[in-house]
Amino acid sequence: MSEIAAGARPARRGRLSAGAAAAREAPDIRRLLQLALAGIWLLDGLLQYQAFMFSKGFSDMLAGTASGNPGTVASPITWNATLIAHHAVLLNAIFATIQLLLGIGIAWRPTVRVALAASIAWSLGVWWFGEGLGMVLTGDVSPVNGAPGAVILYALLAVLLWPADRPGKPAPFVAARAVGAPVARALWLVLWLSLAYFALLPGNRAPQALHGMIAGMEDGEPGWLAALDRGAVSLVAHQGLTASIVLAVALVIVAVGVYLPAPAARGTLVLALVVAAVIWVFGEAFGGIMTGGATDPNSGLPLVLLALTYWPTRAVILAPVRTARPGVGEGMTAS
Amino acid sequence: MIPAWILDIFAAVMLAVAAVSAARLVAARPWQHGVQRAALADIDVAHLLMAIAMAGQLVSGLRTLPDGAWEVVFAVMTAWFAYRVVRDAQVSGLRALGGGHCAPHFIHAAAMLYMFLAVSAPAAGGSGGMGGMSGMGTLQLPLLAFLFALLLVGYSIWDLDQLSGPGSSGHYSLAAARVAPTGPVLAGVGASAGPGAAAGSALASAPSSAEAAGQAEAVQVPPASAPADGRGVLAPWVATGCRIAMGITMAFMLLIMI
């Protein structure tokens with residue numbers, strides 16, 4: 001596969017090799033995935049401008065994430081929620097604008113590195129102060145309702161889509177280009193195995209656990225989505241244990257899939273896409289965006305994006321090419 | 001409630017877009033160059049009208065026309081850009097939907113039409129427009145609002161990417177705009193080139209794009225006959241910048257009216 005490094009400034013026309021010029025005509029998959037991440041950040045920023053976010057309900061929602069977390073984690077969350085409650089308009093406007101700028105910054109090529117780096121820092125902050133570390137320390141968390149937190153997946157995506165390449169290293173999939181295949185595979189394994197573990201937590205194995213989780217999403221949803229949820233609810237009624245085991249097995253298969261040969265890996269990635277889509281539609285109701293009170297599209301969408309970054313491609317060995325503006329990005333040609 | 005000053009800021013951006021679009025129309029004077037050339041002013045006319053309408057929706061004091069009139073305007077605009085998209089598609093196939101410039105305008109116009117048609121009764125019949133955004137009304141069929149918002153965000157992100165680098169099409173990038181075109185030059189309000197405009201339009205430098213292909217069929221004039229040079233306010237990136245601002249603002253409005 002021929003690609004130019006995503007986020008790189010174009011090399012001077014005179015310096016481009018014929019191969020690089022041809023490569024420029026081909027769609028750069030990593031850049032497309034970066035743009036998808038930019039779109040999600042932009043969407044998050046716009047959602048943050050919703051009326052609900054300027055109300056006390058937003059700070060109450062943030063304060064709620066402290067519940068069940070250890071004291072050292074919960075105290076800063078409570079402090080942050082109190083601060084936001086006192087300055088809701090100003091702080092929320094700043095939050096929304098930051099997220100809007102992150103999206104624009106990733107989409108604007110000269111600022112892609114700065115914006116991706118900032119998005120990692122911002123994601124970690126939001127993951128703690130806004131999502132209570134995805135509630136992963138509380139024992140009351142499920143992959144069906146957003147574990148391990150959408151925003152930590154944004155950070156992971158920013159790392160994996162970083163516009164750099166490891167010279168001389170074959171990149172079997174996009175996520176391996178910046179961090180290398182072993183690290184990328186390990187990150188994938190940890191993520192999906194942790195999801196499998198969460199699926200088997202006692203709270204999720206209860207007969208009506210999944211039923212209750214999906215039924216809880218119906219409030220405020222449009223009729224057709226509520227009807228979909230009701231259909232799913234009837235399917236999983238009293239089937240909590242079975243559903244948890246099936247889900248966990250699927251998640252484990254997905255987790256180890258990236259270590260399999262490309263054809264099998266593609267199969268497990270399709271499974272990952274299906275699982276993520278099912279979670280997004282039935283478990284998360286598109287993040288509750290259609291209720292007017294969502295801060296993001298939840299974890300289903302970033303999981304889809306993540307799976308696409310691991311889609312096997314023809315391995316390429318990337319060699320650096322001089323760029324027009326050093327420091328902004330490195331142009332790469334396939335060889 | 002969304003603070004009024006936030007809505008004021010978005011409305012101010014829309015007024016700026018309207019002013020820039022009007023300036024582009026005045027500078028290009030498309031009405032002096034025949035019906036076909038005048039038709040190519042559609043982008044700037046669309047930007048002008050949509051920006052005025054959105055400013056009026058955001059701040060009720062800026063309302064200009066009744067909602068019914070805007071519905072007619074945007075219905076006509078949607079039909080026009082649908083026609084342009086179909087024509088582009090006949091030339092370029094499905095690329096017209098992604099790489100062409102009529103598809104985003106079609107989505108913009110359709111989203112505006114939807115916004116005016118679907119806003120709930122209290123806002124539509126009340127102070128006009130921003131009722132939904134300030135908690136007094138919402139959009140019916142929220143799935144449509146979500147889908148439109150996704151498309152608008154997607155096109156805005158794509159425009160930003162293309163504007164900041166050559167990308168795969170490169171027909172309106174800042175970088176491409178500095179390249180001197182050779183041979184016949186495509187004319188248009190947003191992409192016209194004149195005698196002294198070798199630096200001219202990015203559109204002219206990428207005749208393979210869906211947009212260029214579509215326009216090449218309609219209007220292909222020698223540089224000497226073109227009235228404007230594609231620089232300054234007529235530079236293609238100015239129109240694209242307006243489109244990005246409108247796309248983001250429109251997505252904002254759709255999401256807060258859900």
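Predicted model: local features only at pLDDT ≥ 70, side-chain atom pairs only at ≥ 80, totals over all residues.
Residues are numbered from 1 along each chain as its sequence is written, while chains are lettered from A and ligands numbered from 1 in the order in which they are written.

**Backbone details in chain A**

- H238(A) is found in the loop between α12 (223-236) and α13 (240-257) of chain A; helices here are DSSP runs of H or I with at least four residues, strands are runs of E with at least two, and both are numbered from the N terminus.
- The phi angle of H238(A) is near 60°, which is a positive value in a residue other than glycine.
- A285(A) also has a positive phi, near 50°, and is likewise a residue other than glycine.
- The loop that holds A285(A) runs between α14 (262-283) and α15 (300-309) of chain A.
- A285(A) counts as buried, with 26 C-beta neighbours inside 10 Å.
- A cis peptide bond, with omega near 0°, leads from A147(A) to P148(A).
- P148(A) lies in the loop between α6 (112-129) and α7 (150-160) of chain A.

**The two chains**

- Chain A contains 15 helices and three strands, and 52% of its 335 residues count as buried.
- Chain B contains 10 helices and two strands, and 59% of its 258 residues are buried.
- Along the sequence, the elements of chain B follow the pattern α-α-α-α-α-α-α-α-β-α-β-α.
- In chain A, 73% of the contacts with a separation of 6 or more are between residues 24 or more positions apart; two residues are in contact if their C-beta atoms, placed from the backbone, lie within 7 Å.
- In chain B, 73% of the contacts between residues at least 6 apart in sequence join residues at least 24 apart.

**Where chain A meets chain B**

- 28 residues of chain A are in contact with 24 residues of chain B.
- On the chain A side, the elements that give two or more residues are α1 (18-25), α2 and α5 (88-107).
- Helix α2(A) gives the largest share of that side, seven residues.
- The chain A side divides into 20 nonpolar, four polar and four charged residues; Ala, Val, Leu, Ile, Met, Phe, Trp, Tyr, Cys and Pro count as nonpolar, Asp, Glu, Lys and Arg as charged, and the others, Gly among them, as polar.
- The axes of helix α2 (residues 29-47) of chain A and helix α8 (residues 142-163) of chain B come within 9 Å and cross at roughly 125°; axes are lines fitted to C-alpha atoms, for helices over the stretch in contact, and angles run from 0 to 180 degrees between N-to-C directions.
- That angle makes α2(A) oblique to α8(B); under 35 degrees is roughly parallel, over 145 roughly antiparallel, 65 to 115 roughly perpendicular, and the rest oblique.
- From α2(A), the contact uses L35(A), A38(A), G39(A), L42(A) and L43(A), and from α8(B) it uses V153(B), G154(B), I157(B), W158(B) and D161(B).
- By class, this contact of α2(A) with α8(B) has seven nonpolar, two polar and one charged residues.

**Packing inside chain B**

- Helix α4 (residues 67-92) and helix α6 (residues 102-118) of chain B pack at about 155°, with their axes 8 Å apart.
- That makes α4(B) roughly antiparallel to α6(B).
- The residues in the contact of α4(B) with α6(B) comprise 16 nonpolar, two polar and four charged.

**The nonpolar core**

- In soluble globular proteins, nonpolar side chains tend to be buried together.
- The largest nonpolar core here has 173 residues, and those with the most contacts inside it include L37(A), L157(A), A51(B) and L254(B); such a core is a set of buried Ala, Val, Leu, Ile, Met, Phe, Trp, Tyr and Cys residues joined through C-beta atoms within 7 Å.
- Helix α10 (residues 236-256) of chain B supplies the largest share of this core, 13 residues.
- Leaving out residues up to four places away in sequence, L254(B) touches A111(B), M115(B), A145(B), F148(B) and A149(B).

Key: Buried ≥ 20, exposed ≤ 12 C-beta atoms within 10 Å, placed from the backbone.
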